[in-house]
Amino acid sequence: MNDFIEPPYEATDTAVNKNRELPLIWLLPICALLVSAWLIYKTVSEKGPEITISFLSADGLEIDKTKIKYLDVEIGKVSDIVINKDLKTISVTAQMDKESRVYLTNNTQFWVVKPQIGLAGVSGLGTLMSGAYIAIKPEEGEKERHFKGLNKPPVLETNAQGKKFILETTNLGSMGPGTQINFHGIAVGQVLEYALAKDADNIKLTVFVNAPYDQFIRTNTRFWIDSGIDLSAGADGFKLRTGPLAALLGGGIAFRASSDDKTADIAPENTPFQLFDDYDQSTQVIYQRTVKVVMYFSESVRGLTVGAPVLLRGIPVGRVTDINLEIDGKTAEILIPVVVEVEPDRIIVMNKQANMTVKDNIVHLIEKGLRAQLQTGSLLTGQLFVALDIFPQSKVEFHQNDTGYQEFPTTPNSMSHIVDSAQAIMDKISKLPLEAMTTEINKTLASLQSTSKAATKTLVTADGTLGSADKTLQSADKAMNSAQKVLTTLEPGSTTQYELNQLLQELTQTASSVRQLTDYLEEHPDSLIRGKKEK
């Protein structure tokens with residue numbers, strides 16, 4: 001038996017904790033929620049803006065593959081491509097990186113980079129393997145999320161260092177965006193764009209010259225169209241200039257700096273310059289002061305063109321600005337007024353007279369015999385120029401001048417005199433009865449031909465006669481020999497011998513005369529027709 005007596009259990013009052021404790025199991029979803037929230041925040045905070053770009057086509061673009069690059073660094077990717085409601089363009093949705101926010105302004109440009117081969121070179125060959133991508137050119141401006149893509153890359157794809165200038169011309173030619181700018185044969189810039197002036201009197205080209213070559217664009221810098229091969233034929237002959245190969249293929253613009261310009265003369269950005277048509281024009285000195293005079297020519301001015309030089313004893317002093325044609329209704333006289341622009345600053349006047357104007361000097365020179373004359377600059381091209389020189393014997397003749405310019409007297413060219421004389425001779429020849437004379441000459445020739453035939457027959461007959469005479473002489477010689485033999489048999493001093501001797505002498509003289517006649521006829525057979533010539 002167990003004597004162990006269990007002590008009585010004394011219940012004590014215990015404090016009951018009425019606050020409920022959160023079970024640790026709930027910490028897990030809370031942590032997961034916090035992590036998810038943090039991840040969402042991180043994802044959202046690191047996610048860049050979403051933009052849309054409209055293009056004419058989606059050629060080469062693919063969703064989740066086509067990238068958006070700046071300086072070959074990926075800053076976004078195409079996420080969607082849809083066709084716009086206008087059914088003419090497509091809209092590309094792209095997810096950009098966070099760092100690209102600063103690039104997205106209303107002046108930012110987008111374009112699709114593809115392989116291109118042109119006069120400016122080959123570009124985008126890398127896309128043959130990687131596929132096309134969208135390039136971006138950031139510009140400062142207001143924030144923007146919707147853009148209109150370019151159809152072709154901009155001329156300046158990056159923010160190159162340099163300056164823009166304005167060139168004014170009336171002849172655009174083959175120039176356009178991308179046309180090369182050359183300086184001593186080095187490509188230093190290009191044409192950005194061109195536009196017609198507001199008054200439509202010229203074309204303004206915006207060009208960009210890279211640094212450091214932009215410092216050579218100064219106050220007196222001259223630009224001209226460099227066509228690669230410049231072959232000109234003028235009054236001073238042929239001229240040939242060649243440029244770079246790129247200019248030969250696609251044209252170009254060249255410029256040169258003046259040695260008179262200093263560093264302080266560097267032109268600021270957007271300074272306008274005149275664009276000359278060729279190098280020769282760019283080398284000409286531009287004189288602000290000009291005087292126009294009119295010259296009346298009555299001879300042909302074929303070969304004289306606007307811009308032809310005016311030379312004073314071989315030195316250029318002006319150029320032709322206008323050529324017209326006038327016909328007098330009463331006298332039917334034809335005159336050609338040629339307006340000439342003379343640059344008096346080209347001429348250094350010695351011993352200047354007080355109160356003498358340019359017109360007064362011209363009048364004074366006219367009194368001294370200064371005249372204008374058309375002369376040929378090149379026999380190959382036939383180009384004419386206006387030559388000024390002193391012709392003291394030339395008379396001054398003025399015409400009815402309605403041009404408003406001072407008239408300058410002219411004198412005909414000596415070549416014109418020759419041409420006029422030749423023309424007069426030709427006129428006289430043309431008046432001759434050539435047809436009748438030809439008929440008479442033909443008749444005379446026919447008569448001479450008949451006479452010649454008759455003379456030929458006569459000569460043949462004479463030749464036969466001479467042959468007979470020669471045979472006769474031979475017979476006579478034989479007879480003489482026989483007679484000589486007979487004489488030797490006769491008695492010396494007899495009458496028969498004497499008579500025979502006389503006969504032989506006469507025969508000898510006769511034979512000599514016949515031989516002389518025969519020799520003469522052999523040398524001069526025409527004497528049978530014309531007789532013996534008088535000596």
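Is Glu168 buried, partly exposed or exposed? Glu168 counts as partly exposed, at 27% relative accessibility. Keep that residue in mind while we walk through the chain.

This is a predicted model. The chain averages a pLDDT of 79, and 79% of the residues score at least 70. Strand β9, residues 146-148, has the highest mean, 92. Helix α3, residues 245-250, has the lowest, 59.

Start with the whole chain. It has 9 helices and 26 strands. Of its 535 residues, 28% count as buried. The chain exposes about 36,800 Å², and carbon and sulfur atoms supply 55% of that area. Among contacts with a separation of 6 or more, 65% join residues 24 or more positions apart.

Now go inside. The largest nonpolar core has 23 residues. Met295, Leu304, Val386, Leu388 and Phe408 touch the most other members. Two or more residues come from each of β19, β21, β23, α5, β24 and β25. Phe408 shows how such a residue is surrounded. Beyond its neighbours within four places in sequence, its contacts include Val293, Met295, Ile362, Leu370 and Leu388. A second, separate core holds 20 residues, including Phe165, Ile203, Ile225 and Ile253.

Next, follow strand β20, residues 309-312. On one pairing, β20 meets β21, residues 315-323, in the antiparallel sense over 4 bridges. Pro309 has Arg319 as its bridge partner in β21. The two strands form a hairpin with 2 residues between them. Arg313 lies in that turn and has a positive phi of about 55°. Strand β20 also runs parallel to β25, residues 384-390, joined by 3 bridges. There, Leu312 is partnered with Leu388, one of the core residues that touch the most other members.

Finally, turn to charge. Side chains of opposite charge can pair when their charged atoms come close. The structure holds 6 salt bridges. Arg313 is exposed, with a relative accessible area of 61%, whereas Asp389 is partly exposed at 27%.

Glu168 returns here. It forms a salt bridge with Lys204, the closest N and O atoms being 2.7 Å apart. Lys204 sits in strand β13 and Glu168 in strand β10, 36 residues apart. Lys204 is partly exposed too, at 33% relative accessibility. Another salt bridge joins Lys67 and Glu74, with closest N and O atoms 3.8 Å apart.

Note on methods
Residues numbered from 1 in each chain as written. Predicted model: local features only at pLDDT ≥ 70, side-chain atom pairs only at ≥ 80, totals over all residues. Heavy atoms only, no water. pLDDT = per-residue confidence, 0-100. Pairing = 2+ DSSP bridges. Core = buried A, V, L, I, M, F, W, Y, C linked by side-chain atoms within 4.5 Å. Buried < 20%, exposed > 50% of the residue type's maximum accessible area, 1.4 Å probe, protein only. Contact = heavy atoms within 4.5 Å. Areas by Shrake-Rupley, 256 points an atom, 1.4 Å probe, with all protein chains shown as cover. Salt bridge = Lys/Arg side-chain N within 4 Å of Asp/Glu carboxyl O.
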